[in-house]
Structure formats: structure tokens, C-alpha cells
Amino acid sequence: MGAAETAKEIVRIGSTAGLSKDVIDLLEKKLALLMDENIALAKENVVLIAKVSVLENENRNLRTQLQDAQPVVGAFHEFGGVLWKRTANGFEKYPYCKECPHHPVMMGMPPRGRPMFWRCSSEHHAPFQGLPKV
Ligand SMILES: [Zn+2]
């Protein structure tokens, strides 16, 4: 039963219960106020439902973007001319060669009097530039 039908029902009950016309008129005025308030709330509800729908879509899109932006454990990340394999909380200790197709692990070479560099088993070199930022 809708609000309008409920209001008519209340007036009908009042008149069949033997209430005076003054009391029934007063009840009708009060019910009219409630009806107006009900209509305003229903309109507001339609606007809020639309806003919730927009926010749900936005939230879904942002969650997808966030998931896509999450680093994948085991994936390579290029930094300083070498490949770093991601772990759950950073990177492995040694990088991998980006020149070799099978990406072997590189070793740090500290030549005397020269800056340290990374070297793979196929003699590819890359200057040591520290670890990539997590
Ligand atoms: Zn190599």
C-alpha cells in the first residue's frame, strides 16, 4: 500500500469511527504534510540512487586500475640497464641480463680502481646503479 492510499485509509477509519469533522480535517492536513514530505524524500532517494550508481562504477574502475598497478611477484622490472625480479616485498639480490634471451643472473664485479658493474656469463655488462625503488 502506497503512502497516498494509507492516508485515505486513515481518513476513512477516522470518519467511520465517529470522529468529528474538525478532527478529520486536522488529520487530513497532517496527512497532506506527510504526503508532501514523502514525495520530497522519494525524489531525494532517486537522486541518491543515481549518485550511488555513479560511485559504484567509479569504485569498480579504481579497483581495476589499482589491481593492474600492483607489482607482480616474479615479474622483471628494468632498472639501470638490467632486469630485476620482483619478490613479495622488493627485488632479488642479483639482477638478470636483459641482453641475453634467457636472462641469466648477473654477478657484481668489483674491479680494482674502477666503478662496480654487473656481468652475465655471456660477458654483457651494465654499470652498478643500486637497487630499483620498491
Ligand atoms: Zn647477457
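Phe-76 stands opposite Lys-85 in strand E2, where strands (E, at least two residues) and helices (H or I, at least four) are DSSP runs numbered from the N terminus. The structure is a predicted model, in which local features need pLDDT of at least 70, side-chain atom pairs count only at pLDDT 80 or more, and totals for chains, interfaces and linings use all residues. Residues are numbered from 1 along each chain as its sequence is written. The chain is divided into domain 1 (3–69) and domain 2 (76–127), with bounds that come from an automatic or database domain assignment. The centres of domain 1 and domain 2, taken over C-alpha atoms, are separated by 66 Å.

**The two helices**

- Helix H1 covers residues 3–16, and its 14 residues should span 20 Å at 1.5 Å a residue; the end C-alpha atoms are 20 Å apart, which agrees. The expected span is 1.5 Å times one less than the number of residues in the helix.
- After H1 comes Gly-18, whose phi is positive, near 85°.
- H2 is hardly covered, since the count of buried residues among its 49 residues is one. A residue is buried if 20 or more other C-beta atoms lie within 10 Å of its own, exposed if 12 or fewer, and partly exposed in between, with C-beta atoms placed from the backbone.
- The axes of H1 and helix H2 (residues 21–69) come within 10 Å and cross at roughly 170°. That makes H1 roughly antiparallel to H2.
- The contact is made by residues including Ala-3, Ala-7 and Ile-10 of H1 and Val-23, Leu-27 and Leu-31 of H2.

**The three-stranded sheet**

- An open sheet of three strands has the order E1-E2-E3, with antiparallel pairing. Strand E1 (76–79) and strand E3 (90–91) stand at the edges, each with a single partner strand, so one side of each has no neighbour in the sheet.
- Two strands pair if DSSP finds at least two bridges between them.
- Four bridges link E1 and E2 in the antiparallel sense, and Glu-78 stands opposite Leu-83 in E2.
- E1 and E2 form a hairpin with two residues between them, and Gly-80 in the turn has a positive phi of about 65°.
- E2 and E3 run antiparallel and are joined by two bridges; Thr-87 has Gly-90 of E3 as its bridge partner.
- A hairpin through two residues joins E2 to E3.

**Arg-86 in strand E2**

- Arg-86 lies in strand E2 (residues 82–87) and is partly exposed, with 17 other C-beta atoms within 10 Å.
- The C-alpha atoms of Arg-86 and Phe-76 are separated by 6.4 Å, although these residues are 10 residues apart along the chain.
- Leaving aside neighbours within four places in sequence, Arg-86 is in contact with Pro-71, Val-72, Val-73, Gly-74, Ala-75, His-77 and Phe-91.

- His-103 is not a glycine, yet has a positive phi of about 45°. His-103 is placed in the loop between E3 and strand E4 (107–109) and counts as partly exposed, with 16 C-beta neighbours inside 10 Å.
- Glu-123, also a residue other than glycine, has a positive phi near 70°. Glu-123 lies in the loop between strand E5 (117–119) and strand E6 (125–127) and is exposed, with 8 other C-beta atoms within 10 Å.

Key:
Two residues are in contact if their C-beta atoms, placed from the backbone, lie within 7 Å. Axes are lines fitted to C-alpha atoms, for helices over the stretch in contact, and angles run from 0 to 180 degrees between N-to-C directions. Angles under 35 degrees count as roughly parallel, over 145 as roughly antiparallel, 65 to 115 as roughly perpendicular and the rest as oblique.
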